[in-house]
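Here is a short briefing to read with the model open beside you. Take it topic by topic, and keep the viewer handy.

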Amino acid sequence: MSEIIIDDQTDSEQQRIERILGGKHEEYAWFVNTYSQRVLHFASQMMSDVEDAREVSQDAFVKAFRSLASFNFQSSFCTWVCRIAYRESLNRLRRKQLHFVDIADLPAVVEDELSTGKEERIALMEEAIDDLPPDERLLLHLYYYEERPLREIAYIMDAESNTLATRLHRIRKKLLQMIKRKENE
Amino acid sequence: MKDIDIREALKRREAHRTKPEVPTDFCDNVMQEIAPKKSHRMIWRWMAAAASVLLIISIGTMLMPNHEQEQTQPLVAKVEPKIVHEPKIEQTPNNATQNDETVSTQPSSAQVNSPSPANIKPQTDEHPASSVKTQSGFTDDHIHHAAVKTTDDVAYQDPARVDEFIAKLADFNDVNPVPLDCTTDNNDNTTVSKAYTFDDTKELDLFGRLLQVACCYDSKTPGYLLNYSHEQLFFTLKDMRKGQKYLWMAERISGDRILLTCTHSPIDVVPSTACYQAYRNKMKQPVISNTIPKDI
């Protein structure tokens, strides 16, 4: 990732992190209190179980603080913790042996079929999104709901932007196929 | 806008979804996780640093060649107790006023057999008492030089230097030495005696010069004896290394002259005084030349 992602609070975060590295450990609490809600919400996109999401968030903060000296301010501290939380979520999901659906061979769809605006389609779409694997659901959430740029999502999910764009295209085709299947049921 | 259905579905989904709340002890749990791990890391860092230092020291010690340590000799006295300083200084008179019998004093048997410096021999175990002794009475190779105090506290001064001085002085003043035969036994040629006749002038100041030479010697020098008056000067020394004794006699005689005799002989030999007396009587005659008498 060559892009630099900087939030408004980066300057003050950098000063606080330098103080922590200098021995003022009370600054840890500021980061936890400021970003814990956002990190937990992020983790809940991956982990359907709330307790799992909390554990992932907690582990993400702990790992971030232990590796604080290696933080290179390439992103905001919160984004960095979300990246760690994403990896932690994937590890947990792999331990639970979740199987992801291969969508490589899904048929091509027309763009208009995903932009009908019909109530029935939106309801089916909502159900289809819930049925997606966690990482695909997170990708949709970050891109369409939080409207984060692809480069930031790529940093969090440790992937190339082009790869994520391809994945988004496949997820859309997969969703259309799932909706049509539900319509036929 | 593309994918309207997806965006709308996500909005509704988020609206319906119950957002998880951060538990109150979330921060405390995080802090508890950090604190013990952090201290462990610090301990391990210090232990690793200490182990590294110990490893470097031990490797350095192992790689140090043994001869490097042996090169640094301890600063100890190189006491060689087997070297004989014989005869011992205590056995010789060291006071000029002690007696007037120095010339006739019989040396001890140890003095008679004293070797020359070139003949200093390692002492055998049969004579341990004559070795150089430390103050504490025993020898130790590890005693520091400063701790060694020998009984040989008189610096050696060669008595023959007096003869050399007189010879140069005579040569400078064109005075020829006259050999005297002062042996008691005709077969004895160990006694060497010479007579000089100097002019008694203030410029030469022979008495003063001889006194200066005598004062250059330590009064503790073996055989040291000095007697002098306005008319006569008598000076003796002993060379314990060479086993020789020296006698210098100066006397003011008629004709404003000074008769100086120099004699050295082995310590145990008693030279005859008759030769001095005979030559002295001749020199006191009114007509005296500085040539060798025919009858001597």
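What follows covers confidence, the two chains, their contact and a few single residues.

This is a predicted model, in which local features need pLDDT of at least 70, side-chain atom pairs count only at pLDDT 80 or more, and totals for chains, interfaces and linings use all residues. Residues are numbered from 1 along each chain as its sequence is written, while chains are lettered from A and ligands numbered from 1 in the order in which they are written.

**Confidence**

- The predictor gives the complex an ipTM of 0.73, together with a pTM of 0.41.

- Chain A has 8 helices and 0 strands; helices (H or I, at least four residues) and strands (E, at least two) are DSSP runs, numbered from the N terminus.
- Chain B has 7 helices and 6 strands, and along its sequence they come in the pattern α-α-α-α-α-β-β-α-β-β-β-β-α.
- Of the 185 residues in chain A, 35% are buried, and of the 296 residues of chain B, 20% are buried. A residue is buried if 20 or more other C-beta atoms lie within 10 Å of its own, exposed if 12 or fewer, and partly exposed in between, with C-beta atoms placed from the backbone.
- Among contacts between residues at least 6 apart in sequence, 73% in chain A join residues at least 24 apart; the corresponding value in chain B is 64%.

**Two helices packed within chain A**

- Helix α2 (residues 27–46) and helix α3 (residues 50–66) of chain A pack at an angle of about 140°, and their axes are 9 Å apart. Axes are lines fitted to C-alpha atoms, for helices over the stretch in contact, and angles run from 0 to 180 degrees between N-to-C directions.
- α2(A) and α3(A) are therefore oblique to each other, since angles under 35 degrees count as roughly parallel, over 145 as roughly antiparallel, 65 to 115 as roughly perpendicular and the rest as oblique.
- Residues making this contact include V32(A), V39(A) and L40(A) from α2(A), and A53(A), V56(A) and F61(A) from α3(A).
- The residues of this contact divide into 11 nonpolar, 3 polar and 1 charged. Ala, Val, Leu, Ile, Met, Phe, Trp, Tyr, Cys and Pro count as nonpolar, Asp, Glu, Lys and Arg as charged, and the others, Gly among them, as polar.

**Where the chains meet**

- How many residues does each chain bring to the contact? Chain A gives 33 residues and chain B gives 25 residues.
- On the chain B side, α1 (4–16) and α2 (26–63) each supply at least two residues, and α1(B) has the largest share, 11 residues.
- That side of chain B holds 12 nonpolar, 1 polar and 12 charged residues.
- α6(A) and α1(B) cross at roughly 105°, their axes coming within 10 Å, and are therefore roughly perpendicular to each other.
- L140(A), H141(A), Y144(A) and Y145(A) of α6(A) meet I6(B), R7(B), L10(B), K11(B) and E14(B) of α1(B), a group of 5 nonpolar, 1 polar and 3 charged residues.

**Residues to look up**

- L140(A) sits in helix α6 (residues 134–145) of chain A and is buried, with 24 other C-beta atoms within 10 Å.
- Not counting residues up to four places away in sequence, L140(A) touches I129(A), I171(A), I6(B) and L10(B). L140(A) and I171(A) are 31 residues apart in sequence and 8.4 Å apart in space, C-alpha to C-alpha.
- Most residues other than glycine have a negative phi.
- E147(A), although not a glycine, has a positive phi of about 55°; E147(A) is in the loop between α6 and α7 (150–157) of chain A and counts as exposed, with 8 C-beta neighbours inside 10 Å.
- D174(B), also not a glycine, has a positive phi near 55°. D174(B) lies in the loop between α5 (160–172) and β1 (178–180) of chain B and is exposed, with 8 other C-beta atoms within 10 Å.

Methods. Contact = placed C-beta atoms within 7 Å.
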